[in-house]
Structures are given as C-alpha cells and as structure tokens.
Amino acid sequence: MRRTRVLPLAALLLCTPALVSTVPASAAPKAEPAEPLRILLTNDDGYDAVGIRTLFQRLTAAGYDVTVVAPLTNQSGTGTKMMSSTTLTVKHPGPRVWAVDGTPGDAVSFGLSEVFADRAPDLVVSGTNFGPNVAALATHSGTVGGAVAALEQGVPAIAVSTGGLGAPVPEPVVNAMRPTGDFTVKLVERLKSGAKNGRLLPEGVGLNVNHPVVGPDGKGTALGASLTTQDPQPVLKADYTDSGDGTWKVNVGIVPAPAQKGGDVEAIDADRVSITPISPNWNAGTADFAGTAHLLAGLRP
C-alpha cells in the first residue's frame, strides 16, 4: 500500500512557490549586510606618495574600509627596521590618515596597537612602491618590511610594488601604478572570496606582489600573473671610492645576471605580475602556499 508522506507546514511553505509568495515580506528573515573589508594601508615612500594615494583610491572605490598608517617621510630601503627610538612623532592630517615619523614597521606597529586597537584589520597592504622589490631588493625593502611587521602580529599582509629592474623612468612607473591598483583590487577580492575561517591568507604567510611597467608609457596591461620564488641574485652592487678625507663615495649599480626560472625577476621581465609567498621568518615558499594557490589560478591583470 502506498503511503503519503505528510510534510510539516514549514516545509510546505519552503517547497511551494505559490505559498512562499504569500508570506508577508516582514516575516521573511533579512540578511545582514556584509561588513566591508577593513584594510590598513602603509608604504615606505611616505604617506602622501603617489603610489599609496593610488591604492587608497582604488581600494576605497572597490568598497573597502581603508585607513592609511604610513611613514611621515620617505623610508625606502629601511627593510624590517623598527622600534629604534623611544619617542615617536605621529601626525593625523586627515580622518583616515595617520603619518608616523618612523619606518614602515613603526607605522604598522603603531597602527595595529593604536589605530586598530579595538580590532585588528582584515588585511595590511603595503605599497604600491615606486620601483620593484624583487630578488635581493625585497630583502631590504621597507615596503616588504611593512608587510612583515603585520605578519609578525598575525595579521594577513601583502606588499605591492611597481616597476622593472631597468633604471626607473618616473612617468611610465607612475602610469603603471593604476593597473597595479586594479590588479591589487582583483587579488584582494580573490583572497576574500576564497577565505577560510575568516583569514585571507594562511597563518604566517604573506604575498610580495610586483607589477611590471608594460609599454613605453606604462599604461599597458600585464600579460598574466605567476606564483614565483624570490630570485637569489643580488641585483645591486656598491662600489666605494676613498676620498682621502675619511669619507667614501658610494656608487650603486645593477648587477646583470640571468633570471632564475620560476623566479620573480623572470616574471617581471616577461611583463607578468609576480606573486611571491613570504613569511616573517623568511622560510615561506610555494609549498607553504599550496593550500590556497588555487585561488590565484587564472587570475589576470
């Protein structure tokens, strides 16, 4: 004998379109609007540099809640230096801008401790830097140093730079900062859509992103994005000349070397965005990022 299964009233309301349409709108549960991603934006070129202003504009336009906590002055090449002074001058030139008279690490430390004292940001973005931070440049970069300072505090972070290894020409590099900003927005959105347990990146792993200057005017679109390793070449070499008075003249030049296969220099030379996993203990590699590497598959500028 065939039995008729009797559904509860609630199940009938959910399964029958005609009945669902009769439920008063006030009775339907309302989804809470998603809170925008909270981003601490820093750099090493100074809080008012064109690169950080470009990223602020692009990230804000994308709907993110962005607060700038960056060095008061240019701090290029300061690496991970921080907490070298017992007194820190901090200016607040705008409602969403804090200028810290110190290194990028100082700015991030102050931002996490004071500006975001109630709750840590979802992400720290450092950049975009004027010029590349690939190979050994990344090791000494204040831009990367700002991201490392965040990672040390358990906050997901990405460093962003614009440029190639040739002598930088200001106008093309500045022009390339806009496609850099566009790509950064896409990257953050990709990380957000694939976040596990609320984290945008695995614990202790950040990203060092380098965007090439494409075309003579720098306005071209990169040919793709590659997950890379940090090229081991030194890139820069200093020559010293004794002036005879206790001072030495320093001349810094680029050391020509073949790009390592799969490295950040190779990607930039091929007009591709380089995305290199980093960690505060310098041990991150592509294997450490394997669990979320699929998030970057097919990501294009």
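I take contact to mean heavy atoms within 4.5 Å. Helices (H or I, at least four residues) and strands (E, at least two) are DSSP runs, numbered from the N terminus. Buried means under 20% relative accessible area, exposed over 50%, and partly exposed in between, with a 1.4 Å probe and protein chains only.

**Entry 1: ground rules**

I am working with a predicted model, where local features need pLDDT of at least 70 and side-chain atom pairs count only at pLDDT 80 or more, while totals for chains, interfaces and linings use all residues. Residues are numbered from 1 along each chain as its sequence is written, and side-chain values use heavy atoms, with hydrogens and water left out.

**Entry 2: the whole chain**

I counted up the secondary structure and got 8 helices and 11 strands. Of the 301 residues in the chain, 43% are buried. I also looked at contacts between residues at least 6 apart in sequence: 77% of these join residues at least 24 apart.

**Entry 3: helix 4**

I started with helix 4, residues 104-115. Its buried residues are Pro 104, Gly 105, Asp 106, Ala 107, Val 108, Phe 110, Gly 111 and Leu 112. What covers them? The cover includes strand 1 (38-42), strand 2 (65-71), strand 3 (90-94), strand 4 (97-100), strand 5 and helix 6.

**Entry 4: helix 4 against helix 6**

Next I checked how helix 4 meets helix 6 (residues 142-152): the angle is about 30° and the axes are 8 Å apart. Axes here are lines fitted to C-alpha atoms, for helices over the stretch in contact, and angles run from 0 to 180 degrees between N-to-C directions.

From helix 4 the contact uses Pro 104, Gly 105, Val 108 and Leu 112, and from helix 6 it uses Gly 142, Gly 146, Ala 149 and Ala 150. I sorted these residues by class and found 5 nonpolar, 3 polar and no charged. For that sorting, Ala, Val, Leu, Ile, Met, Phe, Trp, Tyr, Cys and Pro count as nonpolar, Asp, Glu, Lys and Arg as charged, and the others, Gly among them, as polar. A reminder to myself: an α-helix has 3.6 residues a turn, so residues three or four places apart point the same way.

How many residues of helix 6 are buried? I find 10 of its 11, so the helix is mostly covered. Its buried residues pack against helix 4, strand 5 (123-130), helix 5 (135-140), strand 6 (157-162), strand 7 (206-211) and strand 11 (273-278).

At the N-terminal end, Ser 141 is the cap, with a side-chain oxygen 3.0 Å from the backbone nitrogen of Thr 143. Gly 154, which follows helix 6, has a positive phi near 80°.

Thr 143 counts as buried, at 0% relative accessibility. Its side chain makes a polar contact with the side chain of Asn 129 at 3.3 Å. A polar contact is a pair of N or O atoms within 3.5 Å; within protein, one must be able to donate a hydrogen and the other to accept it, and residues adjacent in sequence count only if both atoms are side-chain atoms.

**Entry 5: Thr 78**

I found Thr 78 in the loop between strand 2 and strand 3. It is 64 residues from Gly 142 in sequence, yet their C-alpha atoms are 4.8 Å apart. Leaving aside neighbours within four places in sequence, Thr 78 is in contact with Thr 103, Pro 104, His 140 and Gly 142. Its side chain also reaches the backbone oxygen of Gln 75 at 2.7 Å.

Most residues other than glycine have a negative phi, and most peptide bonds are trans.

- The peptide bond from Gly 127 to Thr 128 is cis, with omega near 5°, and Thr 128 sits in strand 5.
- Ala 135, in helix 5, has a positive phi of about 50° and is buried at 0% relative accessibility.
- Val 235 has a phi near 70° and is buried, with a relative accessible area of 1%.
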